[in-house]
Amino acid sequence: MSDKIEVTKEDTKAEVAPAVEEKAEIRKGVNPKTFHYELLPPNDPRVRVPVAPFKDHMLEEYGIKDRKELVSGMFELMHKYGGIGLSAIQVGLPFNMFVAGDHKSVENGLKLAMFNPVIMSSSKEEVLMKEGCLTFPFLFVSITRPRKCLMKYEDENGDLKEAQLDGMMSRVCQHEYDHQAGILMVQKVSKMKLDMAYKKAEKEMDKWKRYQKALKAAQKKSVIKN
Ligand SMILES: [Zn+2]
């Protein structure tokens, strides 16, 4: 996420929680013939490896017609999980591309799809923001990044574009840009902060599971009544 992002003050709690051990399970590669848009789990090694530059012929292998079809599939999955950014590698497509925005709270719904993006320059001014990532459900960490950045990229028509980004869109695009290099938000914070964030994430996940269970039970009851 990047997915999900909210602005926040730095967490000042000093408790230390044990980190959640990620199982180092190696999955087989995405089968191009049966490719469908779904998120890779956080322990998939592919999300930690830099991607190759995007070239249009790469899409054929995955049965994707063109850039536009890819962009629409990516946005659809991003919305399914409530994100505001998603990189191709997060769904197992090993090339340099991401989508960002398309949310009313971000730059009036500005929608960007960047192929082979490059950060040309960034502001000296930095901001601290809480970031989430669709690869890490319920996990949020505060990260300092430059406030503005100038990005050069190819759009969904293959045209070379430049975007001067600020605020949330700048943040999302910098997060997604990191994904292209196999860099994840969890690598950008101290172990202590990450441990705390994982502890919080576990609690939120438990809450969500309890809510889903209660919801199902309520639905069952109402079916019986009807
Ligand atoms: Zn992410």
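1. **Asn116.** Asn116 counts as partly exposed because it has 17 C-beta neighbours inside 10 Å. The scale runs as follows: a residue is buried with 20 or more other C-beta atoms within 10 Å of its own, exposed with 12 or fewer, and partly exposed in between, with C-beta atoms placed from the backbone. Asn116 sits in strand β4. Its contacts, leaving out residues up to four places away in sequence, are Pro53, Phe54, Asn96, Tyr153 and Glu154. Contact here needs C-beta atoms, placed from the backbone, within 7 Å. Pro53 is 63 residues from Asn116 in sequence, yet the two C-alpha atoms are 6.0 Å apart.

2. **Ground rules.** This is a predicted model: local features need pLDDT of at least 70, side-chain atom pairs count only at pLDDT 80 or more, and totals for chains, interfaces and linings use all residues. Residues are numbered from 1 along each chain as its sequence is written.

3. **Overall layout.** The protein has 3 helices and 8 strands. Both are DSSP runs numbered from the N terminus: helices are H or I with at least four residues, strands are E with at least two. The order along the sequence is β-α-β-β-β-β-β-β-β-α-α. Of the 226 residues, 31% count as buried.

4. **The open sheet.** Which strands form the open sheet, and in what order? The order is β2-β3-β4-β7-β8, with antiparallel pairing. Two strands pair if DSSP finds at least two bridges between them. At the edges are β2 (85–87) and β8 (160–165), each pairing on one side only. Neighbouring strands are turned by 40° against each other on average, direction ignored. Axes for such angles are lines fitted to C-alpha atoms, for helices over the stretch in contact; angles run from 0 to 180 degrees between N-to-C directions.

5. **α2 on the sheet.** Helix α2 packs on this sheet and touches β2, β3, β4, β7 and β8. The direction of α2 makes about 160° with that of β3.

6. β7 and β8 run antiparallel and are joined by 6 bridges. Tyr153 has Lys161 in β8 as its bridge partner. Leu150 has Gln164 in β8. The hairpin leaves 5 residues between the strands, and Gly158 in the turn has a positive phi of about 85°. Tyr153 is also one of the contacts of Asn116.

7. **The β5–β6 hairpin.** β5 and β6 form a hairpin with 2 residues between them. These strands run antiparallel, with 8 bridges. Val127 has Arg145 in β6 as its bridge partner.

8. **The core.** The largest nonpolar core has 45 residues. Such a core is a set of buried Ala, Val, Leu, Ile, Met, Phe, Trp, Tyr and Cys residues joined through C-beta atoms within 7 Å. Val99, Ala100, Met114 and Cys173 have the most contacts inside this core. The elements giving two or more residues to the core are α1 (67–80), β3 (97–101), β4 (111–122), β5 (126–133), β6 (136–146), β7 (149–154), α2 (167–180) and α3 (191–225). Domain 1 (5–189) and domain 2 (191–226) both give residues to the core, so the core lies between them. The domain bounds come from an automatic or database domain assignment. In soluble globular proteins, nonpolar side chains tend to be buried together.

9. **Cys173 and α2.** Beyond its neighbours within four places in sequence, Cys173 is in contact with Ala100, Cys149, Met151 and Leu165. In α2, 12 of the 14 residues are buried. Among them are Arg171, Cys173, His175 and Glu176. Just after α2, Gly182 takes a positive phi of about 75°.

10. **Loop between β3 and β4.** Asp102 counts as partly exposed because it has 18 C-beta neighbours inside 10 Å. Asn108 is in the loop between β3 and β4. Its phi is also positive, about 55°, although Asn108 is not a glycine. Asn108 is exposed, with 8 other C-beta atoms within 10 Å.

Key. Contact = placed C-beta atoms within 7 Å.
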